[in-house]
Amino acid sequence: MTNSINKPPIWFWVVSIIALLWNAMGVMAYLADAFMTDEMISQLDERQQAFQMLDFPAWYTACYALAVFCGFLGCVFLLIRKSWAKPFFVISFIAVLGQILHNYVLNDIYADMNLTVNTFELTMAIAIPVVAILLILFSRDAARKNWIN
């Protein structure tokens, strides 16, 4: 029995590239946070400084790293048409859930800093898990249609 692969439509490539760019922004944000120096923090506004000075637990940092790097690798696997995309997107989504658990359930970081969530933060808090779910569904559909193997 041979495993035949169908040629994906143009929109598959467009969606995959947009998803790669989305996840690349996540990787850049993670790296910026991870390697931010005290001098760089001092140049931020007070709200951002307060956020950068929070002491996040190691498991949260691991969730952040897994979310962005697995999402990025999942997109790379989509572009090279490998079915490894789906498990990487699932890991990314689970890690996103870990971040949400920390930020909004176990520890309301905004309340702790006496801040309200601004529109951008609220939009991202909704968009990130939604995009993660959509990428799981997209990769599942691509595998079902034999666009990836």
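**Reading the helices**

Q: What is the handedness of the crossing of H1 and H4?
A: A crossing is left-handed if the near helix is turned anticlockwise from the far one by less than a right angle, and right-handed if clockwise. Here H1 passes H4 in a left-handed crossing.

Q: What kind of model is this, and how are residues numbered?
A: This is a predicted model, where local features need pLDDT of at least 70, side-chain atom pairs count only at pLDDT 80 or more, and totals for chains, interfaces and linings use all residues. Residues are numbered from 1 along each chain as its sequence is written, and side-chain values use heavy atoms, with hydrogens and water left out.

Q: How many helices and strands does the protein chain have?
A: Both are DSSP runs, numbered from the N terminus: helices are H or I with at least four residues, strands are E with at least two. The protein chain has seven helices and zero strands. From the N terminus on, the elements read α-α-α-α-α-α-α.

Q: At what angle do H1 and H4 pack?
A: Axes are lines fitted to C-alpha atoms, for helices over the stretch in contact, and angles run from 0 to 180 degrees between N-to-C directions. Helix H1 covers residues 10–34. H1 and H4 pack at about 155°, and their axes are 8 Å apart.

Q: Which residue classes make up the contact of H1 with H4?
A: Ala, Val, Leu, Ile, Met, Phe, Trp, Tyr, Cys and Pro count as nonpolar; Asp, Glu, Lys and Arg as charged; the others, Gly among them, as polar. The contact of H1 with H4 has 19 nonpolar, five polar and one charged residues.

Q: How do H4 and H5 pack?
A: Helix H4 spans residues 58–79. H4 and H5 meet at an angle of about 150°, with axes 7 Å apart. That makes H4 roughly antiparallel to H5. The crossing of H4 and H5 is left-handed. Their contact residues divide into 18 nonpolar, seven polar and no charged.

Q: Is Gln-99 buried or exposed?
A: Buried means under 20% relative accessible area, exposed over 50%, partly exposed in between (1.4 Å probe, protein chains only). Gln-99 is buried, because its relative accessible area is 12%. Gln-99 lies in helix H5, residues 85–106. In the protein chain, buried residues make up 32% of the 149 residues.

Q: Which residues does Gln-99 touch?
A: Contact means heavy atoms within 4.5 Å. Leaving out residues up to four places away in sequence, Gln-99 touches Tyr-60, Cys-63, Tyr-64 and Ala-67. Gln-99 and Trp-59 are 40 residues apart in sequence and 9.1 Å apart in space, C-alpha to C-alpha.

Q: How many disulfides are there?
A: A disulfide is a pair of cysteine sulfur atoms within 2.5 Å. By this rule the count is zero. Cys-63 is buried, at 15% relative accessible area. Cys-75 is buried too, at 0%.

Q: Where is Arg-81, and what is its phi?
A: Arg-81 lies in the loop between H4 and H5. Its phi is near 60°, a positive value in a residue other than glycine. Arg-81 is partly exposed, with a relative accessible area of 22%.

Q: Where is Asn-146?
A: Asn-146 sits in the segment after helix H7 (119–144). Phi of Asn-146 is near 60°, again positive in a residue other than glycine. At 27% relative accessibility, Asn-146 counts as partly exposed.

Notes
Angles under 35 degrees count as roughly parallel, over 145 as roughly antiparallel, 65 to 115 as roughly perpendicular and the rest as oblique.
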